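This report describes a protein sheet and the surroundings of a ligand. Please keep the sequence and the model in view while reading.

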Amino acid sequence: MDEVTVSSLAARLSEAGTTLLGRSLAVRHVDAGSCGGCEIALAAAAVLRGGLTRYGVTLVDDPRAADVLLVTGVVTRALAEAVTRTLAAMAPPRFVVAVGDCAVDGGVFKGAPSVLGGAERVVAVDLLIAGCPPSPGRIIAGLVALLEANAAPVRRSRRVEPRA
Ligand code: SF4
């Protein structure tokens with residue numbers, strides 16, 4: 001995905017976030033058993049640190065300040081509580097995004113004894129972004145699609161699939 005397209009998606013993300021929330025989009029990331037590949041994709045998308053902050057996306061540590069819970073990894077039995085407790089601390093409107101095949105359904109680790117098999121096994125998920133890992137552009141497009149689908153009128157979760 002070229003820089004012009006990424007910039008366009010980021011601008012739409014900022015606009016949709018402002019429409020829905022009246023401010024920038026705050027994202028809380030939880031690694032629930034990732035290999036690290038999806039974190040590299042997230043970093044490349046500049047969702048986690050730096051780049052997209054200029055478009056109104058901020059990584060936050062406090063779940064009480066978060067609008068989006070972004071889950072990566074297979075969701076192991078040991079880390080399931082980290083996902084559920086983080087979501088429980090978030091105020092509505094709040095959205096859950098599963099990033100990567102592992103967070104979608106366990107991916108290549110599906111069926112392993114310690115693996116629950118994706119975020120939907122423990123919380124309601126608003127958006128599934130498949131890929132191993134998904135491309136940075138697909139992650140950005142997914143966040144855009146989620147916010148635009150929920151921007152007006154404000155309403156609770158509707159699952160959408162990213163177009164890129
Ligand atoms: S989806 Fe692929 S890159 Fe992401 S955590 Fe799973 S194995 Fe790693």
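## Terms and basis

A residue is called buried if 20 or more other C-beta atoms lie within 10 Å of its own, exposed if 12 or fewer do, and partly exposed in between, with C-beta atoms placed from the backbone. Helices (H or I, at least four residues) and strands (E, at least two) are DSSP runs, numbered from the N terminus.

The model is predicted, so local features need pLDDT of at least 70 and side-chain atom pairs count only at pLDDT 80 or more, whereas totals for chains, interfaces and linings use all residues. Residues are numbered from 1 along each chain as its sequence is written.

Strand 4 (residues 95-99) is mostly covered, with 5 of its 5 residues buried. Phe 95, Val 97 and Val 99 point one way from the strand, while Val 96 and Ala 98 point the other way.

Two strands are taken to pair if DSSP finds at least two bridges between them. With strand 5 (residues 127-129), strand 4 pairs in the parallel sense over 3 bridges, and here Leu 127 is the bridge partner of Val 97.

The open sheet has 5 strands in the order 2-1-3-4-5, with parallel pairing. Because strand 2 (57-59) and strand 5 stand at the edges, each with a single partner strand, one side of each is left without a neighbour in the sheet. From one strand to the next, the twist averages 25 degrees (axes are lines fitted to C-alpha atoms, for helices over the stretch in contact, and angles run from 0 to 180 degrees between N-to-C directions).

Helix 5 (residues 136-150) packs on the sheet and touches strand 1 (25-31), strand 4 and strand 5, its direction making about 165 degrees with that of strand 5; contact requires C-beta atoms, placed from the backbone, within 7 Å.

## Around the ligand

The ligand is surrounded by 13 residues, the closest being Cys 35, Gly 37, Gly 100, Cys 102 and Cys 132, where a residue counts as near if its C-beta atom, placed from the backbone, lies within 6 Å. Helix 2 (37-45) and helix 4 (101-105) are the elements that give two or more residues to this shell.

Conventions: Two residues are in contact if their C-beta atoms, placed from the backbone, lie within 7 Å.
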